[in-house]
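Q: Please take a close look at one part of this model, and describe how its pieces are placed and what they touch.

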Amino acid sequence: MDLGEGAMLFQIPKSAGDVKIKTDAITTTSTGGTGIIERHGQFYVKVLVLEGTVRCYLTHRLGESLLVQPGQILITKPDVTALPEAADFDIAREMKTCLLVREFQPLPSQRRIESEEQKQLNLIAKGTYIPSNLVILGRGTQVTLVNPSSSATPPPKPLTNTGHQSHTP
């Protein structure tokens with residue numbers, strides 16, 4: 001599949017084999033995974049993985065790839081020449097706030113996504129995963145500081161955009 005502009009929720013069953021989703025700069029491939037890929041013109045490409053594993057690689061450059069695991073997000077510019085590291089994001093928050101998920105029937109992979117949410121909660125309880133209070137609201141890559149104890153999304157307080165940042169609330 002090719003994604004020229006916009007956002008796509010994907011759920012690839014393991015039985016489907018190797019499925020590729022291509023933007024101009026980044027190609028993703030998975031043999032079973034659920035996530036979101038978004039491309040907004042010449043501004044950014046985002047890949048969020050909700051469950052399963054997705055390999056991301058540069059479309060026009062051989063030899064460089066990155067495995068993106070559940071709860072990780074890759075954000076880059078479309079003219080990227082090297083892949084940045086993936087950052088963490090809160091799967092539960094994404095599932096509650098993302099219109100691509102909320103506005104449709106539950107996904108066939110819903111139980112696996114919930115399992116990944118629980119893994120994040122277990123890591124938080126153990127103290128090995130510390131959620132940040134940085135979040136990207138809506139389109140783009142503008143990072144916003146939020147109150148970590150608040151369940152509601154407060155009005156944004158813009159921070160300097162430093163490129164690819166964590167999507168972890």
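A: In this predicted model, strands β3 and β6 pair in the antiparallel sense over four bridges, and within that pairing Thr29 stands opposite Arg55 of β6. Strand β6 covers residues 54-58 and has two faces, a covered one made of Val54, Cys56 and Leu58 and an uncovered one made of Arg55 and Tyr57. Strand β6 is also joined by four bridges to β7 (residues 65-68), again with the strands running antiparallel, and here Arg55 stands opposite Leu67. The hairpin of β6 and β7 has six residues between its strands, and Gly63 in this hairpin takes a positive phi near 95°.

The loop between β2 (19-22) and β3 (26-30) holds Thr23, which counts as buried because its relative accessibility is 2%. Leaving aside neighbours within four places in sequence, Thr23 is in contact with Leu3, Ile37, Arg39, Val45 and Thr59.

One of these contacts, Arg39, has its place in strand β4 (residues 33-40). Arg39 is buried yet has no salt bridge, the nearest side chain of opposite charge being that of Asp24, 4.5 Å away; the cut-off for a salt bridge is 4 Å between a side-chain nitrogen of Lys or Arg and a carboxyl oxygen of Asp or Glu. The side chain of Arg39 does, however, reach the backbone oxygen of Gly4 at 2.8 Å. Not counting residues up to four places away in sequence, Arg39 touches Leu3, Gly4, Glu5, Gly6, Thr23, Asp24, Tyr44 and Val45.

How values were computed:
Residues numbered from 1 in each chain as written. Predicted model: local features only at pLDDT ≥ 70, side-chain atom pairs only at ≥ 80, totals over all residues. Heavy atoms only, no water. Buried < 20%, exposed > 50% of the residue type's maximum accessible area, 1.4 Å probe, protein only. Lys, Arg positive; Asp, Glu negative; His and termini not counted. Polar contact = N/O pair within 3.5 Å; in protein donor to acceptor, adjacent residues only side chain to side chain. Contact = heavy atoms within 4.5 Å. Pairing = 2+ DSSP bridges.
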